[in-house]
Amino acid sequence: MARKILTEHIHVPGIETFDVYRKQGGYTAVEKAIKSMSPEEVVEEAKKSGVRGRGGAGFPMGMKWGFLAKPEGVPRYLVCNADESEPGTFKDHYLMKTIPHLLIEGMIVSSFALGANKSFIYVRGELMYVIRILEKAIEEAKAKGFLGKNILGSGYDLELVVQPGGGAYICGEETALLESLEGKRGNPRNKPPFPAVKGLYQCPTVVNNVESISNMPWIVNNGGEAYAQIGIGRSTGTKLISASGHIQRPGVYEIELGLSVEEFMNSDEYCGGIRKGHHLKALVAGGSSVPILPANLIMKTANGEDRLMSYESLSDGGFASGTMLGSGGFIVFDETACIVKNTWNFSQFYHHESCGQCSPCREGTGWMEKVLHRIEHGHGSMHDVDLLVDITKKIEGNTICPLGDAASWPVASAIRHFRDEFVWHITHPSEATAPGAAYRGDMALV
Amino acid sequence: MEETKPQLFKITFDGIEVEVEPGTTIMQAARKIAEADQSQTSIVPPAMCYYKPLPASGGKCRACLVKVAQGSAKDTRPMPKLVPSCITQVQDGMVVENTTNEAVLEARKGIVEFLLINHPLDCPVCDQAGECNLQDFAFEHGSAHTRYEEERRTFEKKDIGPYVQLHMTRCILCYRCVYTADQVTNKREHGVMNRGDASEISTYIEKSIDNDFSGNIIDVCPVGALTDKTYRFKNRVWFSKPEDAHCDCDKCSGKVILWYRGDEVIRVTARKNTWGEVNEFICNTCRFERKKTSDWVLEGPTKVKRSSVISANKYRSDLVKKPDFALKLAATQFKNIDDTREYVTDKDTIRHQSIENNDKANHRSLLNQNN
Ligand SMILES: Cc1cc2nc3c(=O)[nH]c(=O)nc-3n(C[C@H](O)[C@H](O)[C@H](O)COP(=O)(O)O)c2cc1C
Ligand code: SF4
Ligand code: FES
């Protein structure tokens, strides 16, 4: 069995309650941090651990904490991003509903490290029942003296607030999240200033993902160095992967970073291979926003090395032949999947979720969706393919927030790797629009 | 420590050096260059959402994106992405490329296209035509044909009160009117509803905008999405004659422009600066109710840019300087006539040649269309 940090006790009956969680060694990190460590020491451990943000961008968490401005007399905030709405990603949801105290404990030690006395968990609005679970866990922790005023007699106060989200993907973007938390329309802010300087209510703020924060109890208990021993290179620790698509065993898995993609995909401990009688066609490795990979680039990188589940290996080859670990949404397609249809599906999502503030994303996402709709429904023309590529180039990098990039990459990469399939849709409209049609072509099937 | 004078930052914008105070944005630095030398007006990035009199505006339309080729004297690295010049502050030693950078011009062409794909292009019946920022922007930076084949987005018509006409289909979501309502009027009743390309300017639960300064949203609107109901379809702007005037108003500065058609005041607006921004916001009484010359003290004809269509037929050479871009353009178009060719007088040859030339032209335009 592989190393588990987050999910080690997840199957213990009653782990959602304080008592069972405590019996499994829960809240020892709070005791250790508050009684025997200074906030700076906790930040130091986070830095040593090398743990990187699990929300998508993979920015080192300790380094982000180090950037937090600390002006005198101004409150600082920690905000946990639990808005998880990326298609293909469902790990935070799983973690919060099964072992809520892990996040609460992580929030306490992280808030302590950052000197925050009021922290927020911004939960995707659709997950009302998870919000109830978290609120119950907070009540329990408060009753036992781990939250509220004068925690464990140390003089440190912390109030934890669970906020239901606005029901929009864009509210997962950290500055849109802060706007939404302030009670405004969830429009991303222009950066700079970054939240670490001017965040919630214009005060210094750290925004971290649920999974990032949930690593902190282990890091405090075992030390950042021990954490850095796990994983590979600069991809330290474990990662929750939400596996879905045409595999035998979809679900959420905790893997040690550095596991090979092949093992993750085929071993019975994880995905259990492609469904019987079918072949791998494509993979979206890190949630809908990252570039899609064709079969021949999944198990091996372009220069023939084994592809690993790590930030570096997945992005090997840049966008020409690589992708990104992103938020760990592992979506597998077999040969029955139609890439054009899937690309259209993703583009529908981004069109629907664009906040509409900046022109390239507001207009470009809708345009791409309409062109893809036409191609998918047999009304495309040859110049549409290049038009799509050009639209992605006009959006990418020119927007306020990364949603514009996230909308462009799936389209650009699908055309990069599956151009012949787009062309086939255009040249063979009646075959392409037949029910269940999927292009087989002469693609190398693994 | 002993210095009392604030230190100035030196930046290079399209090869022109300028010194500005710390905290200045790139856009303001470029405007400073143009204000000192009018022949440089064309280097100023276009602004479709930024509006200096409205703090917090800008950063949305992305029309003003520029390349920062050198971050500062200390950190000479270029910025990885194009940055919005309207909200990005200068650093000492910054080097900015606007009209000299191909990526910037390419991105800007994209922005024009994005803003136009869902714009109704009903200029012939739009009151804003002739003083429309989008027309200018498209003319200066866009291309002549469209690649958009899909259906354009439309909205249901909404009535937002007796004075202001809302045409949501024309809106480019610059948010200027939202900031105006927020900052200039005393109660906020107006904002953006929905998301993405379904976003819609709306008064809060369709309540009409009735307060003393609401008319200013008409002046700040870059397109014809918000127009003056008392002026609707009365005129084309180039047929009217603007005159500066003022009155003693207890609500606002009373400094306005009266738009005449013949002897009749058909419209009252606030005065604007070179960059199309309102100098002082005016109240609804001045705008909508004082429409007689006797209500006003006249100051004389409004200065209008030579390039503006408003100056058509009433061009005053004493007020304007010939813009230098027209001369530049003329210079690039100029070619020596090749008179070494033989004259052809034979009818058949001429016919033949003209058919050939026609074919070539057709072929070229086809190629252009496909590109
Ligand atoms: C459109 C968009 C949606 C996002 N949604 C989420 C989300 O649902 N959950 C999340 O943790 N991060 C999301 N992010 C990333 C956040 O902006 C931010 O980087 C992250 O919360 C930082 O936490 P981390 O450093 O712990 O990953 C999103 C980003 C974008 C651009
Ligand atoms: S990129 Fe899209 S989602 Fe992000 S701010 Fe611009 S319009 Fe909104
Ligand atoms: S003018 Fe700068 S982004 Fe609109």
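Which residues make a nonpolar surface patch of about 310 Å²? In this predicted model, with local features needing pLDDT of at least 70, side-chain atom pairs pLDDT 80 or more, and totals for chains, interfaces and linings using all residues, numbering runs from 1 along each chain as its sequence is written. Chains are lettered from A and ligands numbered from 1 in the order written, and side-chain values use heavy atoms, leaving out hydrogens and water.

The patch is the work of A:F59, A:M63 and A:F67. Patches here take residues with over 30% relative accessible area and no salt bridge, joining like charges within 9 Å and nonpolar side chains (Val, Leu, Ile, Met, Phe, Trp, Tyr) within 5 Å. Accessible areas come from the Shrake-Rupley method with a 1.4 Å probe, and for residues only the protein chains shown count as cover. A:M63 sits in helix α4, residues 61-66 of chain A. Its relative accessibility is 42%, so A:M63 counts as partly exposed (buried is under 20%, exposed over 50%, partly exposed in between, with a 1.4 Å probe and protein chains only).

Chain A as a whole has 19 helices and eleven strands (DSSP runs numbered from the N terminus: H or I of at least four residues for helices, E of at least two for strands). Of its 446 residues, 61% count as buried.

Now for the meeting of the two chains. Chain B and chain A each bring 35 residues to the contact, meaning heavy atoms within 4.5 Å. About 2800 Å² is buried between them, with carbon and sulfur atoms giving 46%; buried area is the accessible area (1.4 Å probe) that two parts lose on being put together, summed over both. B:F114, B:R147 and B:R195 supply 27% of what chain B buries against chain A, more than any other three residues. Seven salt bridges cross this interface, a salt bridge being a side-chain nitrogen of Lys or Arg within 4 Å of a carboxyl oxygen of Asp or Glu. B:R195 turns up again here, paired with A:E353 at 3.3 Å, N to O.

Other salt bridges stay within a chain. A:K394 and A:D390 pair at 3.1 Å, N to O, and they are about one helical turn apart because four residues separate them in helix α17 (residues 382-395) of chain A. In chain B, B:R31 meets B:E277 at 3.0 Å, N to O. That pair links distant parts of the chain, 246 residues apart, with B:R31 in helix α1 (residues 26-36). B:R31 is buried at 4% relative accessible area, and B:E277 is buried at 3%.
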